[in-house]
Amino acid sequence: MRVFIVFIIMTLATSIPAVAQSVDGQVTRDNNRRGIPNLPTFDMKPLHFGFLIGFNTIDFHIYNTGIRNEYNDSVARYGEILDLEPGINLGIVTDLRLTNHLNLRCLPGVGFGQRNVTFIDEYGERLGKPLKIKSTFVELPLLVKYSAYRMKNVKPYLVAGNTFRYDLARDKQSHLKLHSFDAYWDLGAGFDFYLAFFRLSVEFRASFGLTNIFETKPSDEIDDIPFQQAIDCMKSRWYGLTFYFE
């Protein structure tokens with residue numbers, strides 16, 4: 001099933017630019033023959049809007065305690081992310097022009113993903129099945145975009161900023177309790193492609209959590225204690241490939 005999902009995502013990721021190019025293809029070819037760039041005044045707009053669709057995978061950077069006591073039979077256990085699951089995110093683009101090369105971008109949206117935490121004892125043996133932590137995020141990226149000079153119908157760029165995410169599906173999941181809110185710092189790069197009727201942008205961006213989202217308050221359920229005491233800190237990491245239509 002996981003292979004099928006990855007196949008679907010990769011198919012969409014490669015087909016979206018192709019479909020967009022085919023829609024505008026004839027007009028673009030006509031403009032190229034005349035030496036005219038597409039959308040020549042697009043970057044002069046003080047404010048414009050659009051939408052995005054992206055594919056992501058989310059991860060945890062886990063800091064373990066290595067504690068040994070009667071709750072884990074004096075054998076330390078460690079939480080790790082051993083495999084990554086694909087996810088998806090959708091959003092709206094609001095872009096404010098600051099200078100010829102700088103734009104402020106607000107990208108509110110929703111995201112879906114899953115992280116599987118596998119516990120391993122100090123002898124390297126896996127302890128049961130991975131704990132599946134599913135997330136439904138309401139997210140608000142606020143990014144500054146630095147664009148290089150446009151090369152006819154292509155322009156590379158860098159982005160940096162912060163993202164704020166609220167997990168609607170968190171609370172207690174599979175013996176672990178997490179905080180709903182998290183803040184991230186973001187860094188990414190991409191290319192703008194100027195088509196005949198709209199601009200398509202393809203961007204890779206990484207987000208790194210700034211806060212410990214692991215709830216350190218002891219659980220009231222004794223079955224949760226071996227899992228909770230094994231972890232000291234959990235910080236989120238998010239990696240995404242996003243397509244913007246503006």
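**Ground rules.** I am working with a predicted model, where local features need pLDDT of at least 70, side-chain atom pairs count only at pLDDT 80 or more, and totals for chains, interfaces and linings use all residues. Residues are numbered from 1 along each chain as its sequence is written, and side-chain values use heavy atoms, with hydrogens and water left out.

**Entry 1: Asn 116.** I began with the side chain of Asn 116, which makes a polar contact with the side chain of Gln 114 at 2.8 Å. The side chain of Glu 85 is another polar partner of the Asn 116 side chain, at 3.0 Å. (A polar contact is a pair of N or O atoms within 3.5 Å; within protein, one must be able to donate a hydrogen and the other to accept it, and residues adjacent in sequence count only if both atoms are side-chain atoms.)

I placed Asn 116 in strand 5, residues 109-121. (Strands, E, of at least two residues and helices, H or I, of at least four are DSSP runs, numbered from the N terminus.)

Is Asn 116 buried or exposed? Asn 116 counts as buried because its relative accessibility is 4%. (Buried is under 20% relative accessible area, exposed over 50%, partly exposed in between, with a 1.4 Å probe and protein chains only.)

Leaving aside neighbours within four places in sequence, I found Asn 116 in contact with residues including Ile 81, Asp 83 and Pro 130. (Contact means heavy atoms within 4.5 Å.)

**Entry 2: Asp 43.** Next I searched the whole structure for salt bridges and got twelve. (A salt bridge is a side-chain nitrogen of Lys or Arg within 4 Å of a carboxyl oxygen of Asp or Glu.)

One of them joins the side chains of Asp 43 and Lys 155, 2.9 Å from N to O. This pair links distant parts of the chain, 112 residues apart: Asp 43 is in the loop between helix 1 (2-34) and strand 1 (47-64), and Lys 155 is in strand 7 (residues 154-167). I noted Asp 43 as partly exposed at 23% and Lys 155 as buried at 5%.

Asp 43 also forms a salt bridge with Arg 199, with the closest N and O atoms 3.3 Å apart. Arg 199 lies in strand 11 (residues 199-209), so this pair ties together parts 156 residues apart in sequence. Arg 199 is buried, at 3%.

**Entry 3: Arg 105 and Asp 95.** Here the closest N and O atoms of the salt bridge are 2.6 Å apart. Arg 105 sits in strand 4 (residues 102-106) and Asp 95 in strand 3 (residues 86-97), ten residues apart. I logged Arg 105 as buried at 2%, and Asp 95 as buried at 1%.
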